[in-house]
Amino acid sequence: MASPPAASVAPDPSLLLQVVGLGKHYRGLVALADYSLDLAPRTIHGVIGPNGAGKTTLFNLLSGMVRPSTGAIHLLGVDVTHLSAYRVAQLGIARTFQNIRLFDDMSVLDNVAVAAQRHLPGSLWSAMMSTRAFREREERIRARSAELLDLVGLGDRTDRLARSLPYGDQRRLEIARAVAVGPKVLLLDEPSAGMNPSEAAELNGLIRRLRGDLGITIILVAHDIPLVMNLCDRIQVLNYGVLIADGDPATVRVDPGVISAYLGQAKHA
Amino acid sequence: MSPRVAGPLLSILGLSVGLALLDASGLAFWQGLMINLAIFTILVVSLNLASGFTGVFSLGNIGFMALGAYISAILTLPLAVKSEYLPDLPSWLAGVHLDQVVGPLPVGWLAATLIAGLLVAFVALLVGAVLMRLSGHFVAVATLGFLVIVRVILFNADGFTRGSRTFSNVTPYTNLWWAWACAVLVIYAVWRLKRSQYGRAMFAQRRDRWAAQSVGISILRPRLLAFVIGAFFTAIAGSLYAHFITSFSPTVFYFDLTFRVITMLVVGGMGSVSGSVIGSVVVLALAEGLRRVEDVTLLYGLSGALLAAFFIAVIVFRPEGIMGQREISFDRLSTRLRSLRGGGGPEGPETEAP
Ligand SMILES: Nc1ncnc2c1ncn2[C@@H]1O[C@H](COP(=O)(O)OP(=O)(O)OP(=O)(O)O)[C@@H](O)[C@H]1O
Ligand SMILES: [Mg+2]
């Protein structure tokens with residue numbers, strides 16, 4: 001039996017997300033090379049690695065914000081490799097950003113509403129004339145947004161400007177906004193960065209609820225190794241853009257390659 | 001009734017009473033000034049939608065106004081005048097005369113205005129589909145190019161526009177009531193749009209294009225929508241202008257007017273609809289006052305220079321303008337009034353967050 005050429009592996013529609021041979025290089029620098037992933041629904045998948053390992057690059061590729069140099073991405077069997085970022089989001093891959101990107105001159109509620117509104121479309125005419133249908137729709141968008149803000153614990157801060165929130169709250173607002181998109185896969189880039197230990201513990205519970213209650217599949221990038229070990233069903237380790245380990249937390253924890261990668265970083269630091 | 005509903009209704013009522021008094025007064029100068037104000041307000045609010053809401057700096061809107069003015073003027077010319085005045089019109093256009101009046105309603109002109117708006121919106125769709133993909137300075141320069149192209153076309157399409165000669169004989173349909181009815185409609189529509197899903201998408205992509213895309217909002221769509229709707233309203237302002245001033249040439253639709261409208265927009269605040277109204281009032285009043293100083297002192301050109309200096313001062317010392325992105329909130333205005341009258345009640349600025 002001849003094996004198919006690597007570039008045209010048939011997508012498997014039973015897999016939520018299937019990534020094959022994904023790579024990105026910036027001029028000479030290889031940010032990510034030959035990355036692959038088969039993501040089953042309702043998993044929490046961890047990606048860890050030292051600084052500059054290519055984790056954010058991976059998210060930029062998966063969310064359509066950066067064009068890959070090689071490889072393919074399939075979401076439920078649909079090729080999303082070359083779609084625009086907003087199309088990828090509409091099809092079900094939402095994300096947060098390592099360096100928070102809120103709409104900081106909009107209210108907390110509007111930050112979520114702008115993502116939630118896609119599921120309640122209405123005509124331009126009804127908006128400009130403020131018809132009853134329009135007002136009812138706005139009411140539902142607001143209600144849905146308030147619900148999500150409650151979920152992340154910001155229910156009492158809906159009217160504040162996003163930029164006036166403390167750092168930890170901004171991270172949670174970004175999560176609420178991403179969830180409002182209605183994603184199948186949620187990419188969280190360092191969600192606990194800048195949080196104090198009690199906030200980080202709450203975050204742990206929140207991520208579990210996103211998976212448990214809302215059925216969202218999550219890919220988590222974090223430097224907080226205990227958080228990742230605790231939450232994830234499966235962990236991949238990147239180093240200099242290359243996968244050096246892939247498995248359940250117990251296996252990855254004792255992997256000699258992983259340990260030396262992190263020790264190497266500690267020595268450099 | 002909540003202040004949210006009562007406020008706008010009271011404003012419209014107050015405006016109507018004021019217009020009725022002005023209408024009855026016979027003060028032609030002030031009537032003309034108020035019509036001018038309505039037209040400027042439409043121009044500024046439309047530009048605010050296209051540029052302030054989206055962050056795409058468009059310098060070509062006066063081109064849309066010019067197209068609106070000429071289209072409506074040509075469509076409404078009575079047949080008798082038309083054959084003599086524009087003898088080279090193609091036959092399908094030579095027979096069109098939207099000059100019908102039913103009772104007090106100039107229905108022909110209203111139809112011509114709507115047609116002008118739709119045609120210009122279509123032009124904007126074609127232009128915008130290309131230009132709205134550009135970013136920052138490139139859009140500004142490209143839209144400026146559009147303004148220049150429109151001017152060249154107007155100058156050279158002799159058969160339609162009489163070229164550089166004055167286009168006159170335009171029927172004076174525009175009055176206080178029509179001008180302000182259009183202005184109120186445009187203000188209302190854009191103000192509602194701001195708080196709708198469309199407005200949120202426009203402001204979101206203006207603030208952060210990557211965050212906007214991450215929640216499924218395209219960059220092109222909201223920009224194009226704002227550009228096209230803004231062009232539609234701007235063309236209506238063009239028609240109002242044409243049938244107010246009744247004779248004009250391509251030269252009026254150029255840098256001076258572009259600069260005046262941008263000054264009003266920036267002074268009022270990019271992103272604020274109430275700011276656009278305030279900016280129009282302030283700058284028009286200032287320009288009118290300075291013009292009188294000019295007449296007395298005989299220092300011609302002074303008003304233009306001082307207005308430009310004022311514009312620069314605003315940009316340097318208060319770049320967000322009078323209102324920033326905020327709107328006048330009738331809720332807070334009423335609590336403020338109540339507390340002034342009866343004491344107590346929360347004190348706060350009369351504005352709400354965008
Ligand atoms: N736009 C770019 N142009 C050039 N090089 C880039 C670009 N983006 C990322 N890189 C490089 O790619 C490599 C991977 O970066 P990336 O941000 O993905 O790492 P990371 O794993 O997210 O690191 P950190 O833990 O610090 O967030 C780095 O060497 C980085 O300098
Ligand atoms: Mg990173």
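In what order do the four strands of the open sheet in chain A stand, and is their pairing parallel or antiparallel? The order is β2-β1-β4-β5, and the pairing is antiparallel. The notes below concern a predicted model, in which local features need pLDDT of at least 70 and side-chain atom pairs count only at pLDDT 80 or more, while totals for chains, interfaces and linings use all residues. Residues are numbered from 1 along each chain as its sequence is written, chains are lettered from A and ligands numbered from 1 in the order in which they are written, and side-chain values use heavy atoms, with hydrogens and water left out.

1. Helices (H or I, at least four residues) and strands (E, at least two) are DSSP runs, numbered from the N terminus; two strands pair if DSSP finds at least two bridges between them. In the sheet β2-β1-β4-β5 of chain A, the edge positions belong to β2 (29-39) and β5 (78-79) of chain A, each with a single partner strand, so one side of each has no neighbour in the sheet. β5(A) is joined to β4 (residues 70-75) of chain A by two bridges, and the two run antiparallel. A:L75 has A:V78 in β5(A) as its bridge partner.

2. Strand β1(A). With β2(A), strand β1(A) pairs in the antiparallel sense over seven bridges; A:L22 has A:Y35 in β2(A) as its bridge partner. The two strands form a hairpin with two residues between them, and A:R27 in the turn has a positive phi of about 50 degrees. With β4(A), β1(A) pairs over five bridges, also antiparallel, and A:V20 stands opposite A:A72 in β4(A). Seven of the ten residues of β1(A) are buried, where buried means under 20% relative accessible area, exposed over 50%, and partly exposed in between (1.4 Å probe, protein chains only).

3. The six-stranded sheet. A further open sheet in chain A has the strand order β6-β7-β8-β3-β9-β10, with mixed pairing. Its edge strands, β6 and β10 (242-247) of chain A, each pair on one side only. Neighbouring strands are turned by 20 degrees against each other on average, direction ignored. Within this sheet, β7 (residues 185-189) and β8 (residues 217-221) of chain A pair in the parallel sense over five bridges, with A:L220 in β8(A) as the bridge partner of A:L188.

4. Helices on the sheets. Contact here means heavy atoms within 4.5 Å; axes are lines fitted to C-alpha atoms, for helices over the stretch in contact, and angles run from 0 to 180 degrees between N-to-C directions. α1(A) packs on the six-stranded sheet, touching β3 (44-48), β6, β7, β8 and β9 (234-239) of chain A, and its direction makes about 150 degrees with that of β7(A). Helix α1 (residues 55-62) of chain A also lies across β1 (17-26), β2 and β4 of chain A, at about 120 degrees to β1(A). Helix α7 (residues 197-212) of chain A lies across β3, β7 and β8 of chain A, running at about 150 degrees to β8(A).

5. Burial of α1(A). Seven of the eight residues of α1(A) are buried: A:K55, A:T57, A:L58, A:F59, A:N60, A:L61 and A:L62. After the helix comes A:G64, whose phi is positive, near 80 degrees.

6. Magnesium site. The protein donors of the magnesium ion (ligand 2) are A:T56 (OG1) and A:Q98 (OE1), 1.9 to 2.1 Å from it. A:T56 lies in helix α1 of chain A and A:Q98 in the loop between β6 (93-95) and α3 (108-116) of chain A, so the pair ties together parts 42 residues apart in sequence. Donors are N, O and S atoms within 2.8 Å of the metal (3.2 Å for Na, K and Ca); water is not among the atoms, so sites may look incomplete. A:T56 counts as partly exposed at 26% relative accessibility, and A:Q98 as partly exposed at 34%.

7. Residue A:N99. A:N99 is placed in the loop between β6 and α3 of chain A and, at 54% relative accessibility, counts as exposed. A:N99 and A:D189 are 90 residues apart in sequence and 8.8 Å apart in space, C-alpha to C-alpha.
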